[in-house]
Amino acid sequence: MDQEKKHTIALMRYSVIAPLITGLSDNYSSLTAFFYDASAKGVLHPDGTLKHYAPGTIEKWYRNYKDRGFDALVPTGRIDLGKPRKLDEELQEQIRYLKTNYPRMSASAIYRQLHDNGSLKHGDVSESTVNRYVNLLALQNKTTNNQDMRRYERPHINEVWCGDTSVGPYLTTPDGKKHKVFIIALIDDASRFIVGIDVFFNDNFINLMSVMKSAVSKYGRP
């Protein structure tokens, strides 16, 4: 990876933790709450994809920045784009996060999620590699992949989708005015897989139906 790409990634990481640099906002009860919220919101990666890093990864960026400054955010090592690779530490952490918080999420669903959020590209890692790591986690935790049975959680994918709206940042339009944006998302209850998501200037039924139409066209009717 050349120096320019490393610097761009460091800036991306800084953009995630920047709200903490001047102190924790009253909107968050703790640093942990901020890390989980930042993970859920995701960040635009330099390659143009929206990535959702694990809260632990974001916390590591923050701690490293506090200890050693901006240089600590610059990635080290190499990234072999377009070549098969094993699960690196960051991918393992994302899988552990998904499996810990959503124990009934299958390896296939985790694999799709990693592809959809841009963490994996075609040919990087096979689904069987992810499946082996999920099985290893199950053995380490001395539990089965289907132990957790949470209240209201459906046993099969595409039985129920849950929807919600989050208030995003203010964006400045070409006319110089700032507008609040809304993030409307749909998530499959069983797999916790995000089936539809988009950003709008208005939180209304029409925009919700736009997200719903997109989700149904990709994954069928729930």
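View 1. Strand β3 (residues 161-172) and strand β4 (residues 178-188) pair in the antiparallel sense over ten bridges, where two strands count as paired if DSSP finds at least two bridges between them. Helices (H or I, at least four residues) and strands (E, at least two) are DSSP runs, numbered from the N terminus. T172 stands opposite K178 in β4, and in this hairpin, which has five residues between the strands, G176 takes a positive phi near 90°. The model shown here is predicted, so local features need pLDDT of at least 70 and side-chain atom pairs count only at pLDDT 80 or more, while totals for chains, interfaces and linings use all residues. Residues are numbered from 1 along each chain as its sequence is written, and side-chain values use heavy atoms, with hydrogens and water left out.

View 2. The buried residues of α4 are L91, E93, Q94, I95, Y97, L98 and K99, with buried meaning under 20% relative accessible area, exposed over 50%, and partly exposed in between (1.4 Å probe, protein chains only). What covers these buried residues includes α2 (31-41), α3 (55-68), α5 (107-116) and α6 (127-140), counting as contact any heavy atoms within 4.5 Å.

**View 3. Aromatic pairs.** Rings of Phe, Tyr and Trp (its six-membered ring) pair if their centres lie within 6.5 Å, and planes under 30 degrees apart count as stacked, over 60 as edge-to-face and the rest as tilted. By this rule the count comes to eight aromatic pairs. One of them is the tilted pair of F35 and Y62, with 6.1 Å centre to centre and 55° between the planes. Because F35 lies in helix α2 and Y62 in helix α3, this pair ties together parts that are 27 residues apart in sequence. F35 counts as buried at 2% relative accessibility, and Y62 is buried with a relative accessible area of 8%. Y53 and W61 form an edge-to-face pair, 4.9 Å centre to centre with 65° between the planes, and both Y53 and W61 are buried. Y28, F34, F35 and Y62 form one aromatic cluster.
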